[in-house]
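Thank you all for coming. I would like to take a few minutes to walk through one model with you, starting with the ligands and then moving out into the protein.

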Amino acid sequence: MATINLTLEEIYTLAHSTLLSNGCDEANASAVADIVTRAERDGSHSHGLFRMPGYIKGLRSGKVDGKAKPTINKKTPAVINVEGHGCYAPLAQEVGLPVLAAAANEIGIAALSLTGVHHFAALWPETEYLADRGLVGIACTVSQPTVAPAGSIHKLFGTNPLAFAWPRPGKSPVCFDMATSSMALGDVQIAARDGKEVPLGTGLDAEGNPTTDPAKIADGVLLPFGGYKGSAISMMVELLSAGLTSETFSFEAKESDNGDGAPPKGGELIIALSPQLIAGDGWVAHVELFMDRLTSMDGVRLPGERRYKNRLDTGTRSINLTLVETIRELA
Ligand code: NDP
Ligand code: PYC
């Protein structure tokens, strides 16, 4: 696979200029370019530049409004909604997260629903934002049906990511961010592009047979991680991200989508909790006792650790050349 080395600044400029030349205003372009660059910086390859052609498809088809101005509605002191009016999710997050953090720091717990947004990114940025401000962050969203609920060979759930971050003052937060499918669809697509097999148990082909061929899974279904347990968590993500936000479930999103390859319009739920207000003084020392036990165990590494290590590297990133050429042509 041919690759090209790009600095983080070059990655940002490539994403930013391509978004601007496809109808985004500065606020929308910089919010998405920033998320894409942070994904490449941390090694979240399936949600960095890889998503740019999809982002552009949504702008070109008119499904996504690159000039949308999200509006905020504080329904109660602890319940906040940001309506994206058809923007990509990062701009709505920029508007809502400071208000969510302030509410949770004041009253202990608060929820932010994003509606009318198109989510195509990793979710760790929103939970890390909260943890960096001393809060526990939980975020989830749905996409389009790609995953068969346990017991079925037919798709209903999206890959339905769930992210969680816990603050560790003076240290990077501990943060997991995972699709509730056995593998994120983006990683299945990358494996198909690069001619690699995926582990048995990742998904089924169009006839419902287990396969290691990612191209056949893309035509068939993904499976939830961990059988019926992952299936239950994926169901919870549908309920929290759609039932609780009044936005579309994955199946509804698909029915109303124009099929342009960009993410459908939907919602995201972000919850913030204050350990200082809920647990009280002493929570840091108590939690660090647990973290010390956990990290002193042989073979254990914390979720997020790989990304934080990548983040320390300020050098160039190796990017698929064909992808970069495709994005340059879109600009
Ligand atoms: P991974 O399976 O790669 O990783 C899931 C989590 O597990 C990460 O926090 C990772 O930390 C951690 N982890 C991985 N290996 C270990 C290990 N050996 N020990 C401890 N922790 C570990 O992620 P997915 O493929 O499931 O998801 C990839 C991305 O796709 C996510 O960012 C998700 O938000 C995004 N996504 C977005 C969707 C959307 O609709 N917007 C839909 C589906 C997925 P680390 O990162 O440090 O390796
Ligand atoms: O990788 O599964 C995925 C995904 C779906 C929507 C955005 N990312």
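Let me start with ligand 2, whose shell, sorted by class, is made up of three nonpolar, three polar and one charged residues. Please keep in mind throughout that this is a predicted model. The residues in question around ligand 2 are His47, Arg51, Phe120, Thr159, Ala184, Leu185 and Gly186.

Which atoms of the protein lie at polar distances from ligand 2? On the side-chain part, a polar atom of His47 sits 2.8 Å from a nitrogen atom of ligand 2, and an N or O atom in the side chain of Thr159 is 2.6 Å from an oxygen atom of the ligand. Gly186 takes part through its backbone, where an N or O atom lies 2.9 Å from an oxygen atom of ligand 2. As for cover, ligand 2 taken alone exposes 250 Å², and the protein buries 87% of that.

Turning to ligand 1, we have 21 residues around it, and those that come nearest are Ala121, Asp177, Ala179, Gly304 and Arg306. By class, this shell around ligand 1 contains 10 nonpolar, five polar and six charged residues.

Where in the fold does the shell of ligand 1 come from? Strand β7, residues 174-178, and helix α12, residues 305-312, each supply at least two residues, and the largest share, four residues, comes from β7.

The side chain of Asp187 places an N or O atom 3.3 Å from an oxygen atom of ligand 1. On its own, ligand 1 has 930 Å² of accessible area, of which the protein covers 73%.

While we are at β7, let me mention Phe176, which is found in that strand and is partly exposed, with a relative accessible area of 29%. Between the C-alpha atoms of Phe176 and Pro149, which are 27 residues apart along the chain, the separation is 22 Å.

A second pair of this kind involves Ala39, which has its place in helix α2, residues 26-42, and which is buried at a relative accessible area of 2%. Ala39 and Thr7 are 32 residues apart in sequence, and their C-alpha atoms are 13 Å apart in space.

Next, I would like to look at helix α11, which covers residues 283-295. Its 13 residues reach 18 Å from the first C-alpha to the last, close to the 18 Å expected at 1.5 Å a residue. Which residues of α11 are buried? They are Trp283, Val287, Glu288 and Met291. Viewed down the axis of α11, these buried residues fall within an arc of 115°, so they line one face of the helix. The face of α11 turned away from the buried side carries the exposed residues Ala285, His286, Leu289 and Arg293.

Asn160 has a phi near 35°, a positive value in a residue other than glycine, and its place is in the loop between β5, residues 136-141, and β6, residues 162-166. Ser246 has a positive phi of about 70°, although it is not a glycine either, and Ser246 lies in the loop between α8, residues 227-243, and α9, residues 250-256.

Buried or exposed: how do Asn160 and Ser246 come out? Asn160 counts as buried, at 0% relative accessibility, whereas Ser246 is exposed, with a relative accessible area of 65%.

Ser234 has its place in helix α8, and at 1% relative accessibility Ser234 counts as buried.

That is where I will stop, and I am happy to go back to any of these views.

Methods: Residues are numbered from 1 along each chain as its sequence is written. Chains are lettered from A and ligands numbered from 1 in the order in which they are written. This is a predicted model: local features need pLDDT of at least 70, side-chain atom pairs count only at pLDDT 80 or more; totals for chains, interfaces and linings use all residues. Side-chain values use heavy atoms; hydrogens and water are left out. A residue is near a molecule or strand if one of its heavy atoms lies within 4 Å of it. A polar contact is a pair of N or O atoms within 3.5 Å; within protein, one must be able to donate a hydrogen and the other to accept it, and residues adjacent in sequence count only if both atoms are side-chain atoms. Accessible areas come from the Shrake-Rupley method with a 1.4 Å probe; for residues, only the protein chains shown count as cover. Ala, Val, Leu, Ile, Met, Phe, Trp, Tyr, Cys and Pro count as nonpolar, Asp, Glu, Lys and Arg as charged, and the others, Gly among them, as polar. The expected span of a helix is 1.5 Å times one less than its number of residues. Buried means under 20% relative accessible area, exposed over 50%, partly exposed in between (1.4 Å probe, protein chains only). The arc is that of the directions from the helix axis to the C-beta atoms.
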